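Trainee: I would like to go through this structure with you, taking one question at a time. Could we begin with the display?

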Amino acid sequence: MSGFRAVEWTGEAVRLLDQRRLPTEETYHDYTDPEAVAVAIEQMVVRGAPAIGVTAAYGVALAARRWAGATAAEFRSAMESVFERFARTRPTAVNLFWALDRMRRAAQGAPDPARAAEALEVEARAIEAEDLEACRAMGRLGAELLTDPATVLTHCNAGALATAGYGTALGVIRAAAEAGKRVRVLADETRPFLQGARLTAWELRKDGIPVTLITDGMAGYRMKRGGVDAVVVGADRITRSGDVANKIGTYTLAVLAREHGVPFYVAAPLSTVDFELSSGDEIPIEERDPAEVTHCGGTRVAPEGVEVWNPAFDVTPARLVTAIVTERGVARPPYTESLDALRR
C-alpha cells in the first residue's frame with residue numbers, strides 16, 4: 001500500500017493531508033491549535049468517519065496540553081468546551097462521538113490536569129492504532145466475499161484517506177488484491193464533492209489497482225449490462241437494525257443493486273454502529289454549503305439564485321444490505337441480532 005497518511009500525530013502537531021487539493025496537489029498541513037483542527041474537519045481538509053474520529057482525538061490531546069498547567073476546575077471547564085466544539089463539526093459521523101467519549105473517559109480517570117494531558121495523548125494514539133488494525137481485519141474478512149475475478153463498484157471514498165490507513169470499503173478491495181484475486185474497480189464520481197473522482201481514483205492508481213471512473217448516473221446501466229459483481233461501500237453511521245448512512249447516492253446504488261441481483265456490502269468498524277438508534281430515520285443528516293452544488297472547481301455552473309438542497313448523506317434501509325463487514329466478523333440479516341452478537 002502507498003505510504004500516504006490522512007492524519008498523523010507528529011508529537012507536537014496534527015498533520016493532515018489536505019484532501020481538498022487532491023489529486024493535483026499532495027499538500028500536508030501541521031496544526032497546533034485545536035480550533036484550527038476543528039475547522040479543518042468542518043472544511044473537509046480531512047473527511048471519512050474513522051479519520052474524523054482520529055483527528056478529533058488528537059485535537060483534544062492538543063487542547064489538553066495547553067491546559068495541563070491549569071487548576072483541575074479550569075481544566076475541566078476548558079476541556080468540556082473543547083469536547084462540545086468538536087462534537088459540532090460533523091454531526092452524522094458517529095465515529096466522531098465514539099472517539100470523543102473515549103477521550104472524555106480517559107481525562108476523567110486521571111488524577112490531575114498534567115496526567116490527564118498525558119493520558120489523552122496515549123488514548124488518541126490508541127484510537128488511531130486500533131482503527132488501522134480494524135481496517136486490516138475487515139479487509140481480510142470482506143475479501144472472502146468477493147469472487148475471482150471481480151468487478152467491484154464503490155461510491156465516495158472509503159479508503160486510507162478516510163481512515164487511519166488501509167480503508168474500509170477500499171480495504172476490502174486492497175485485501176482481495178493482496179490475496180491474489182483479480183479485482184477491478186468502478187468508482188462513481190460521487191457528486192457533488194467528487195470524492196470518488198478526486199480521492200478513490202487517486203488512491204487506487206497509487207496502489208496499482210485497476211480502476212474505471214464513471215458518473216453516478218451510469219451505475220444502473222452498467223449493472224444492467226452485467227458488468228458489476230458486487231457493490232462495496234463504507235458508512236458514517238449504522239443503526240443497530242442495520243440501516244446505513246453513507247455519502248449521498250448510496251441509497252440509489254442499493255436499490256439498483258437489488259434490482260439487478262448484485263450483492264451490496266457495507267464495510268465499517270463496529271465503532272460506526274450506533275447501538276442507541278433503532279432506525280435510520282433517527283440519524284441526523286448534515287446539509288452542506290449550496291456552493292458545492294452550484295460551483296465546480298470554484299466555477300459557477302448553476303444560475304444565480306437557484307435553490308439548492310445539499311444533504312451530505314442518505315440512508316440505505318437494512319433490507320437492501322446483503323452483509324455488513326466489521327473487524328469482528330460479517331453480520332447478516334437480521335442485523336439487530338448479528339450486530340449485537342459481534343460487539344459482545
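Predicted model: local features only at pLDDT ≥ 70, side-chain atom pairs only at ≥ 80, totals over all residues.

Mentor: Residues are numbered from 1 along each chain as its sequence is written, and side-chain values use heavy atoms, with hydrogens and water left out.

Trainee: Which strands stand at the edges of the open sheet of seven strands?

Mentor: Helices (H or I, at least four residues) and strands (E, at least two) are DSSP runs numbered from the N terminus, and two strands pair if DSSP finds at least two bridges between them. The sheet has mixed pairing and the order 6-5-4-7-10-15-16. One side of each edge strand is left without a neighbour in the sheet, because each has a single partner strand; these are strand 6 (211-214) and strand 16 (329-331).

Trainee: Which residue in strand 10 stands opposite Val 233?

Mentor: Strand 7 (residues 230-233) and strand 10 (residues 264-267) run parallel and are joined by three bridges. The residue opposite Val 233 is Val 266.

Trainee: At about what angle does helix 11 run to strand 16?

Mentor: Axes are lines fitted to C-alpha atoms, for helices over the stretch in contact (heavy atoms within 4.5 Å), and angles run from 0 to 180 degrees between N-to-C directions. Helix 5 (residues 113-143) lies across strand 10, strand 15 (323-326) and strand 16, at about 140° to strand 15. Helix 11 (residues 335-343) lies across strand 15 and strand 16, and its angle to strand 16 is about 160°.

Trainee: With which side chain does the side chain of Arg 5 make a polar contact?

Mentor: Arg 5 lies in the segment before strand 1 (7-9). Leaving aside neighbours within four places in sequence, Arg 5 is in contact with Leu 17, Tyr 28, Glu 128 and Ala 164. A polar contact is a pair of N or O atoms within 3.5 Å; within protein, one must be able to donate a hydrogen and the other to accept it, and residues adjacent in sequence count only if both atoms are side-chain atoms. At 2.4 Å, the partner side chain is that of Glu 128.

Trainee: How many disulfides does a search of the whole structure find?

Mentor: A disulfide is a pair of cysteine sulfur atoms within 2.5 Å. The sulfur of Cys 156 is too far for a bond, because the closest cysteine sulfur, in Cys 135, is 15 Å away. The number of disulfides found is zero.
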